[in-house]
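Please view the sequence and the model first, then read the notes grouped by topic below.

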Amino acid sequence: MPELPEVEVVRRGLAEHVVGRRVSAVEVLHPRAVRRHLAGPVDVIGRLTGRTLTAVGRRGKYLWLELGSDTDPADPTEPRDPADSGEGSADALLAHLGMSGQLLVSDPAAPPQKHLRVLLSFADGGPQLRFVDQRTFGGMSVETLVSPAGGTAGAAGRVPEPIAHIARDPMDPDFDADAVVSALRSRHTELKRALLDQSLVSGIGNIYADEALWRARLHGRRPTNTLTRKAGHAVLASAAEVMAEALDQGGTSFDALYVNVNGNSGYFERSLNVYGQEDRPCRRCGTAIRREPFMNRSSYFCPRCQPPPRPARTARDPDRS
Ligand SMILES: [Zn+2]
C-alpha cells in the first residue's frame with residue numbers, strides 16, 4: 001500500500017507531466033474505479049473532457065488535479081465555462097490509490113496495462129495519464145473544492161469537499177506541530193493509534209509510525225496523555241524526517257504492485273530501522289527487534305530503546321513498599 005512519501009512522489013510526477021495539459025478524451029474501463037462519483041461514469045467523462053488540469057494538490061494520501069476552463073484558447077468557438085472566472089477552479093479530479101493503485105504517464109502507443117481502469121488522453125497528443133489498479137480499492141471522482149475552516153484563503157487553500165476533514169501531514173508546509181501535540185496529549189489513547197488517526201495528523205501509515213517511534217525512542221503503546229510536549233514534538237519531527245528521507249529515495253515500496261508515476265519502484269525499504277526487522281539487532285543498541293500484533297497488523301520496536309509502558313496498576317504493588 002502506498003504510504004505518504006510515495007503519494008508525494010506521484011504528486012510531483014503529476015505536477016511535472018500533466019499539469020497545464022488539456023484533457024481531450026476520457027475512458028472509464030471499470031465502473032468500480034469511479035464508484036465514489038455518484039453521478040456515474042458518463043458524468044465523470046463529461047466533466048473531465050475538454051478541461052485543463054491547472055494544478056495538483058495533496059492532502060494525506062489523497063491527490064487531486066484542479067480543473068480549469070474548458071475553453072481552448074486556440075478555439076474561440078468553444079463556450080466559456082462560467083465556473084472559471086480567473087479565481088481558480090471550482091472543481092477537481094480527486095484520486096486515491098487505495099491498496100494497489102498507480103497513476104502512470106504512458107505513451108499513447110503503449111499497450112493498455114492489464115488492470116487499466118481509467119484513461120485520460122490529452123489534446124497535445126502527448127503521454128496519457130493512466131489509472132491502473134489491480135485490487136480496485138482506489139478510485140477517482142470529480143469533486144467541488146471548498147475552503148476548510150481555518151484553511152488558507154484563496155484557491156491554494158482549497159481542498160475537495162470529501163477530504164476537507166483530513167488533517168495536514170508532517171511534510172505539509174502549513175502543518176501546525178504545536179496544535180497537533182496539544183491535541184495528542186488531550187486524547188486518551190495509545191500513541192501509535194493516535195499517529196494513525198487521519199483526523200489528527202494525516203499520512204502516517206504503519207511503517208512510518210514504527211520508524212518515527214523508534215527514532216523518538218517511544219513505544220507505540222505509550223498512553224498519549226502521559227506524553228511530554230517535548231516527546232510529542234520529537235515523534236512528529238521524526239515522522240517528518242523519515243518521510244523526507246523516503247521521498248529523497250523515491251518512496252518505500254512493500255507492494256510489488258506499487259510503482260510511482262513513471263513506473264519506477266521505490267527502494268526506501270533498504271534503510272528501514274525497525275519495520276519488518278524482527279529478531280535483527282537494533283541499529284542503535286544491538287538488542288533484537290521485537291514484533292507484536294497491532295490492529296490486525298504488526299508493530300516493530302526495540303525493547304531497550306523503546307521500553308513498553310508498564311501496565312497501569314489499580315492497587316498498590318504488594319511487592320514494593
Ligand atoms: Zn535499541
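The 4 donor atoms around the zinc ion subtend angles of 99 to 114 degrees, which makes the arrangement tetrahedral (four donors count as tetrahedral if all angles lie between 85 and 135 degrees). The model is predicted, so local features need pLDDT of at least 70 and side-chain atom pairs count only at pLDDT 80 or more, whereas totals for chains, interfaces and linings use all residues. Residues are numbered from 1 along each chain as its sequence is written, and side-chain values use heavy atoms, with hydrogens and water left out.

**Zinc site**

- The zinc ion has as its protein donors Cys-282 (SG), Cys-285 (SG), Cys-302 (SG) and Cys-305 (SG), at 2.2 to 2.4 Å; donors are N, O and S atoms within 2.8 Å of the metal (3.2 Å for Na, K and Ca), and sites may look incomplete because water is not among the atoms.
- Along the sequence, these donor residues follow the spacing C-x2-C-x16-C-x2-C.
- Cys-285 belongs to the loop between α6 (229–248) and β10 (290–294), and Cys-302 to the segment after β11 (297–301), so the pair ties together parts that are 17 residues apart in sequence.
- Cys-302 is buried, its relative accessible area being 0%, while Cys-285 counts as partly exposed at 27%; buried means under 20% relative accessible area, exposed over 50% and partly exposed in between, with a 1.4 Å probe and protein chains only.

**Surroundings of Val-19**

- Val-19 sits in the loop between α1 (4–17) and β1 (23–28) and is partly exposed, with a relative accessible area of 28%.
- The C-alpha atoms of Val-19 and Thr-54 are 5.5 Å apart, although 35 residues separate the two along the chain.
- Leaving aside residues up to four places away in sequence, Val-19 touches Leu-14, Leu-53, Thr-54, Ala-55, Val-56 and Leu-65, where contact means heavy atoms within 4.5 Å.

**Helix packing**

- The axes of α1 and α6 come within 9 Å and cross at roughly 45 degrees; axes are lines fitted to C-alpha atoms, for helices over the stretch in contact, and angles run from 0 to 180 degrees between N-to-C directions.
- In this crossing, Leu-4, Pro-5, Glu-8, Val-9 and Arg-12 of α1 meet Met-243, Ala-246 and Leu-247 of α6.

**The chain as a whole**

- The protein chain comprises 6 helices and 11 strands; helices (H or I, at least four residues) and strands (E, at least two) are DSSP runs, numbered from the N terminus.
- Of its 321 residues, 50% count as buried.

Key. Four donors count as tetrahedral if all angles lie between 85 and 135 degrees; four count as square planar and six as octahedral if opposite donors are over 155 degrees apart and all others between 65 and 115; anything else is irregular.
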